[in-house]
Amino acid sequence: MSEFLHWVQIDASAAARAEQALDEGIGEVRDEIGFMAIHHAFANRFFPGTSVLHTRLRYIFFVPWLMDQVAAERGRLPPLERLKQAEARVKDQLKSADAGPGIIGLRAPRHRMSSQFPSAIYWSALRNWGFLRALEDDSYPGRLEALNSLVTLSDPVKRTAHDDDGAILDDMLSPFIDDLPTACPQIKTKTGNLTFMLEKDEKRSLKEIISSANSLARQSILARLMNSSTPLPIPKRQEYDVVFGWPDWIKELCDEEERKDLKIASYAAALSCIGRGVYAALVQMLRKNDGKTSGKTDHLDLLRDAVSRYGSKASQLNIQNLVELISDDPLPSSIVKVLKETKAWLKSGRPHDPMDLLDCYLQAEEPRKENQSRLPPDARERRSEWNPDEVSPATPLHYRLHIVHELVWDIQN
């Protein structure tokens, strides 16, 4: 492995890919058919701004504090490089304090970070939760745009620019809203043991901001959770199986319509799990037809297990209701067709033979994976590279619930 470390800026698509990878857990990433569209639609509906890359809630303050700090400084390096250095310093301060789980970049050497920077990971949360000001066109600044505007604000020469008539243009506003809590001493002085424990004013501020008119998340379940005193179990990074019900600390904050929405999400999680299992079984069966050994893992057996466990719930999904409910994030027609045919297959009494679904799944895979598709007749080489023992069993969608649990735990404790 190379001994050189490189700075890498995560963009939105890279973060989405990382989320997809983490969603799958250990084993090969599988979203050849497109079931993650359902995951993202419901997760963004219930818990907007969250990401599976999130760890601890206090990063939501670390990021604007650090950006304000580095923008006010002058140095040889560009502002973005100074921000990266500041984020690495925060990582070192958290490590020195033994701040507990959730330190981003924990394994990186001192003064260095991995490619995942808190300012990139939490930018969507800052936007959705109301920490950022909307621009005149109602869009929001990107991370680099916001940092550059802070640099301009902190420079008296740039700030007092003149218009064509000679009038001073000094009406620039920070990209962040007013009245954020003052940076903690450890951030200000760049020294001392830093922790994830939120101060009282930080908790109060976060609750107010996420519920304010500026917040895109103000009517969400997440905003209510942040303002709730409902006791939570200690987070253990357990895998929630929402197919068989959402935790009480979610349901008790929801009205009747929202509970119906949660139920639809549960049924969709079940049907997506079976769909993932169908895909793996199809590839394995086609490999066998190609003359390839199947490995120790039998994905046809795993599919039968998934059908046995989740088939009843999956069959209850009203697909039209699903499509209408998440119309803000429309599902591709190919995945809607897959859902319909998979549900019909479950009800047909022939769930022992996934080959009935081959054409439908092939039509969904090819536009997504193109020359990486494994289901077409001429894809023998790509199927031969597929190792059934490296593909973990299909699991239901989780909608980031375990991440939300930990974030809400931080504001309550």
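Lysine 251 has a relative accessibility of 32% and therefore counts as partly exposed, a class lying between buried, under 20% relative accessible area, and exposed, over 50% (1.4 Å probe, protein chains only). Aspartate 248, by contrast, is exposed, its relative accessible area being 54%. The side chains of these two residues, aspartate 248 and lysine 251, meet in a salt bridge with an N to O distance of 3.7 Å, the term denoting a side-chain nitrogen of Lys or Arg within 4 Å of a carboxyl oxygen of Asp or Glu. Because aspartate 248 and lysine 251 are three residues apart in helix α12 (residues 248–251), about one helical turn separates them; helices here are DSSP runs (H or I, at least four residues), numbered from the N terminus.

The model is a predicted one, in which local features need pLDDT of at least 70 and side-chain atom pairs count only at pLDDT 80 or more, whereas totals for chains, interfaces and linings use all residues. Residues are numbered from 1 along each chain as its sequence is written, and side-chain values use heavy atoms, with hydrogens and water left out.

In total, the structure holds 16 salt bridges. One of them joins arginine 374 to glutamate 32, with the closest N and O atoms 3.1 Å apart. This pair links distant parts of the chain, 342 residues apart, since arginine 374 lies in the loop between α17 (358–369) and α18 (380–384) and glutamate 32 in the loop between α1 (12–24) and α2. Arginine 374 and glutamate 32 are both buried. A salt bridge is also formed by aspartate 92 with lysine 91, at 2.8 Å between the closest N and O atoms, and both of these residues are buried.

Threonine 55 is found in the loop between α2 (36–46) and α3 (59–72), and, with a relative accessible area of 13%, threonine 55 is buried. Beyond its neighbours within four places in sequence, threonine 55 is in contact with Gly102, Ile104, Tyr122, Glu406 and Leu407, contact meaning heavy atoms within 4.5 Å. A polar atom of the threonine 55 side chain lies 2.7 Å from the backbone oxygen of glycine 102.

Helix α4 (residues 79–96) and helix α7 (residues 143–154) have axes, lines fitted to C-alpha atoms over the stretch in contact, that come within 10 Å and cross at roughly 100 degrees. Helix α4 is therefore roughly perpendicular to α7, the range for this class being 65 to 115 degrees. The contact is made by Pro79, Leu80, Leu83 and Glu87 of α4 and by Arg143, Leu144, Leu147 and Val151 of α7.

Note on methods:
Helices (H or I, at least four residues) and strands (E, at least two) are DSSP runs, numbered from the N terminus. A polar contact is a pair of N or O atoms within 3.5 Å; within protein, one must be able to donate a hydrogen and the other to accept it, and residues adjacent in sequence count only if both atoms are side-chain atoms. Axes are lines fitted to C-alpha atoms, for helices over the stretch in contact, and angles run from 0 to 180 degrees between N-to-C directions. Angles under 35 degrees count as roughly parallel, over 145 as roughly antiparallel, 65 to 115 as roughly perpendicular and the rest as oblique.
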